[in-house]
Amino acid sequence: MTDELARYWRDVAQPRADRAIREAGLILAEAARFAGVNSLFQHIAEPTPLQAFCEKAMLPDGPTLFIIEDMTGAGKTEAAVTLAHRLLADGRVRGVHVALPTMATANAMFGRLSASYRSLFPPGTEPSVVLVHGRRDLCAGFRNLSHDMACDESGRAGDPSDTTASAFCADWIARSNKQAFLAQMGAGTIDQALLAIIPARHQTLRLWGLADKVLVIDEAHAYDPYMNKEVETLLRFHAALGGSAIVLSATLRERKRSALVDAYRAGIRSSEPFRRSSSAYPLVTIASADAVAEHPVLLRDSLAREVAVRFVGGLAEAHGAVLEAARAGAAVALIRNTVDEAMGSHTELSASHDGETLLFHARFAMADRLAIEQGVLDKFGREPKRARPGILVATQVIEQSLDLDFDLIVTDLAPVDLLIQRAGRLWRHMDERSAKSRPHCIHPHGPTLIVLFPRQRR
C-alpha cells in the first residue's frame, strides 16, 4: 500500500498539481538581470536626473518605501519601473502592481505596461500582465489580450516562445478581479487594491497577491482624507507582510508625505516618527526599518521653464482665447470643473469653430468614454496619430497620468495643486515639439495657463 501511494504521489498527484499551477499562471518568471534604464526603455536616449538616481541609488535591506516627488513629465513612471526592476533582479520581490486613481489612468498605464513589461524578464519566459478594475472588459487592450493556458490539453508544458501575443495573462487569473492580483504584473484602480484592507469578500486573497510585489501608488495627492487613511493602512499592511512600495506624486504635501512614511514604518515595527529634514524639490524619500533618507535630485533640463499665468474675468473672454489659439493652429484644452459646464462650453465652441472640438468627461457610458479617451491620446499624446490642431473641452479627467501635450490651456479656477497638474500638460514634450514648432501666436509668450477667475459683482 505504501509503495502504491508513493507511486500515485510521484506519477499522478504531483504532475497534476504542476499542470494545474501552470494552467493557472502561478509559475512566476525569474527577472532579467538589471542592465540600466536604457535596457528597459528603448526611447530613452539619456536618463533624466531622477531616472539616473533610481538607477544607482543604494537600496536598503528589507522592505523599503520610496516616495518620488518630481514635476509632471519628469519620467516618474520610468523611474518607478527602474526601482522595481532592481528589486526584482535582487530577488526581493516577484512582481509589480501599479494602483492609479481612475479607470482612465489605469487603462493608460496598462497599455504602457503590456507594451514593455517583457523587458523586465528574460526572453522565452511568460510573465502574466493584467488590468484590474470593474469595467476592464470594455478596455480593448485587455479584452484582446491573449488569455491562453500555459499548458496544452495533453498536460505538456507549452513553449512560451510559441506565443505570438506581445502580452499574456493566464485564463484563470483573467477571470476575476480578486484573482488578478496573482498576476506577476498588473495595473488597476486604487479601490481594487484597497479592498485588501477593508472587510470584503476575498480580502485576504488580494492582500496575499500583493504581498510579494512592489506596490506602486501613482498620483498619491489625488485622494480625499478618507481614502488617504485607507492608503496609509494599505501601506502598513503591505510593509508588515514584507512588501516594498513606491509612491509617486508631483504635488504631494509635506504632511501627507510624513503620514505615508509613518504608516509604512509602523508596518515594519518602527515606532520612531519621521522628522523631515529637507524641503527640496524634486525629492526622493527612502524609508526602511533602520532609517529615513531624503535625497534631493536635479530637475530635468527641459522642464526648467516658466509658465505664464493670465487671468480672465468671464467665460466669453475664456472662450475667445480658446478660439483665437485654435484658429491659429494650436492644440488647446479648456478644463471646466463640472460636467455640465464642460458640456455647455463644448456646445458653444463647436458652433463657433470649424475645426475639431472634442468633449471628454466621466459621465459618458463606459464604452464611449474609452473610445473618446483613446481618441484624445491619438490626437494630443506624445506621438499623435492625427493632426494636433483642435480644441478639447474636458473636466479633471485629463489632469492626471494621461500623457497629453497642449500648446495652450484655459482652466477654471481650482486649488493650486490641481492647477500645477493642469499646467503640467503645457508644452510637455519639448523633445518632440520645440517652441519654434508651436503656432506663432503661442510661442513668443512661452507656455501660458489662462485661468478663468470671474470678477465678483458689486
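**Salt bridges and burial**

Guide: Arg422 and Glu399 are both buried. Please keep in mind that the model is predicted: local features need pLDDT of at least 70, side-chain atom pairs count only at pLDDT 80 or more, and totals for chains, interfaces and linings use all residues. Residues are numbered from 1 along each chain as its sequence is written, and side-chain values use heavy atoms, with hydrogens and water left out.

Visitor: What makes Arg422 and Glu399 a salt bridge?
Guide: The term asks for a side-chain nitrogen of Lys or Arg within 4 Å of a carboxyl oxygen of Asp or Glu. The closest N and O atoms of Arg422 and Glu399 are 2.8 Å apart, so the pair is called a salt bridge. Helices (H or I, at least four residues) and strands (E, at least two) are DSSP runs, numbered from the N terminus.

Visitor: Why is Glu78 called buried?
Guide: Buried means under 20% relative accessible area, exposed means over 50%, and partly exposed lies in between (1.4 Å probe, protein chains only). Glu78 has 11% relative accessibility, so Glu78 counts as buried.

Visitor: And what is Arg112 called, buried or partly exposed?
Guide: Arg112 is at 34% relative accessibility, so Arg112 counts as partly exposed. Glu78 and Arg112 form a salt bridge, with their closest N and O atoms 3.0 Å apart. This pair links distant parts of the chain, with Glu78 in helix α4 (residues 76-89) and Arg112 in helix α5 (residues 103-116), 34 residues apart.

Visitor: How many salt bridges does a search of the whole structure find?
Guide: The search finds 17. Another pair is Asp407 with Arg388, whose closest N and O atoms are 3.2 Å apart. Asp407 is buried because its relative accessibility is 4%, and Arg388 is buried because its relative accessible area is 10%.

**Cysteines**

Visitor: How many disulfides does the search find?
Guide: A disulfide is a pair of cysteine sulfur atoms within 2.5 Å, and the whole structure has 0 of them. Cys54 counts as buried because its relative accessibility is 0%, and Cys139 counts as buried because its value is 10%.

Visitor: Which peptide bond is cis?
Guide: The bond from Tyr281 to Pro282 is cis, with omega near 0°. Pro282 is found in the loop between α12 (254-267) and β7 (283-287).

Visitor: What does Gln203 touch, leaving aside its neighbours within four places in sequence?
Guide: Contact means heavy atoms within 4.5 Å, and Gln203 is in contact with Leu195, Ala196, Ile197 and Ile198. Gln203 lies in helix α10, and its side chain reaches the backbone oxygen of Ala196 at 2.8 Å.

Notes
A polar contact is a pair of N or O atoms within 3.5 Å; within protein, one must be able to donate a hydrogen and the other to accept it, and residues adjacent in sequence count only if both atoms are side-chain atoms.
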